[in-house]
Amino acid sequence: MVISSVHATLFARASFFCQSNGLRSFRSCLPFSSSAASVSTRNLSQKKWRQPVLSVLDVGGVKISREDVVRDDPTNNVPDNIFSKLGVQLHRRDEHPLGILKNAIYEYFDTNYSNKFEKFDDLCPIVSVKENFDDVLVPEDHVSRSYNDTYYVDPQTVLRCHTSAHQAELLRSGHTHFLVTGDVYRRDSIDSTHYPVFHQMEGFRVFSPEDWEASGMDATLFAATDLKKCLEGLASHLFGAVEMRWVDTYFPFTNPSFELEIYFKENWLEVLGCGVTEQEILKRNGKPNNVAWAFGLGLERLAMVLFDIPDIRLFWSNDERFTSQFCKGQLGVKFKPFSKYPPCYKDMSFWISESFTENNLCEVVRGIAGDLVEEVQLIDNFTNKKGMTSHCYRIAYRSMERSLTDEEINDLQWKVREQVQDKLNVVLR
């Protein structure tokens, strides 16, 4: 099960798609407009640093209309900059750090499990609320279901928060050993390790009674023992001979649940989360007499360590000074920084309202500045005698590829201030 570092207790749709071999791939996502791709004229006048927003994306031969994902509706919170990431699929690029890491994990499972694990890396990221939350036993009142944390297309449809959203569908389709890799979407803070789109891999293995009966162990202990052996081997495959430790934890969809940590570069590093799948999930999907394990890991988190990549925004760079440093099959090539451009800091203070959240602020800033914003940090807050609370945020602007001009940064900051006041119901100071 894929772990969610953002959604504390998570590992990482009435469906409007037709089926293809029982699964929804990008090539079977419907209904979407079949009109030709066009560029919004409003965006043609943007400055050179802004990528134009396409009104239609061509994903796997299917036209995905912006109007089907980004809507002027209070139940929709998907912005253009998130829509533009659909279909990019960095994990499917063999010479990209994420693709290199994915293939290294594939190699481990193919070698040690005789190609038993099926691989899925092109499943549609637009899923139902049921698939994303209910099918993996996320409680109704869990924070991850809120509009503050998740991108909603409509009240029943979201951009998947984790690749576990496909687990139930795969089980019902008869799959018992599988790896699911894909882009996932979270409304999140802005800093060097967080980005609203990132990539996860989930592994899942189902056992039958004959698998554990001869071992002398009960089903749960057998699955947990097999899980730990598998993942210790994976950690050694990726990081070499390192010290490891297991930490007991909680996830709503596994019991018992664990986190694997390794001692790497003089620090303990959390590698992944995992556990023995809750029996209720197996019962709901036609496997009441089986037991299973699941694990989940974030590709960016591990790739940043393995390749020494200092900023998560770099994964999205098309600059040849970045892309040319990596080659297919070469895991752990150390990134050589090419950017020495200094950051520019701008502070902004305002009186907040009861509805204010930092995630909403970060969405506004990203919507204006895109990947030119490096960090948004709360540096001061206080409450006056009238009970009004003030927040002061420091915004760091920095391009990974070029120097920014004073005029450019000032223009961005003024637009941010205007949008923050208009959209977040705050009073600028």
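In helix H10, the residues Leu299, Glu300, Leu302, Ala303, Met304, Val305 and Leu306 are buried, where buried means under 20% relative accessible area, exposed over 50% and partly exposed in between, with a 1.4 Å probe and protein chains only. With 7 of its 8 residues buried, H10 (residues 299–306) is largely enclosed by the rest of the structure. Just after H10, Asp308 takes a positive phi of about 60 degrees.

The model is predicted, so that local features need pLDDT of at least 70 and side-chain atom pairs count only at pLDDT 80 or more, whereas totals for chains, interfaces and linings use all residues. Residues are numbered from 1 along each chain as its sequence is written, and side-chain values use heavy atoms, with hydrogens and water left out.

The protein chain has 13 helices and 16 strands; helices (H or I, at least four residues) and strands (E, at least two) are DSSP runs numbered from the N terminus. Of the 429 residues in the protein chain, 54% are buried.

Helix H13 (residues 406–424) has 19 residues and reaches 26 Å from its first C-alpha to its last, close to the 27 Å expected at 1.5 Å a residue, the expected span being 1.5 Å times one less than the number of residues. The buried residues of H13 are Glu408, Ile409, Leu412, Gln413, Val416, Arg417, Val420 and Leu424. They cover an arc of only 165 degrees around the axis, which puts them on the same side of H13; the arc is that of the directions from the helix axis to the C-beta atoms. The face turned away from this buried side carries the exposed residues Glu407, Trp414 and Asp422. The elements against which the buried residues of H13 pack are tabulated here, contact meaning heavy atoms within 4.5 Å.

| Element packed against H13 | Residues |
|---|---|
| Strand S13 | 344–351 |
| Helix H12 | 358–369 |
| Strand S15 | 389–397 |
| Strand S16 | 427–428 |

Just after H13, Asn425 takes a positive phi of about 60 degrees.

Ser189 lies in the loop between strand S7 (177–185) and strand S8 (197–207), and Ser189 is buried, with a relative accessible area of 18%. Not counting residues up to four places away in sequence, Ser189 touches His194, Glu358, Asn359, Cys362 and Arg366. The C-alpha atoms of Ser189 and Glu375 are separated by 8.2 Å, although these residues are 186 residues apart along the chain.
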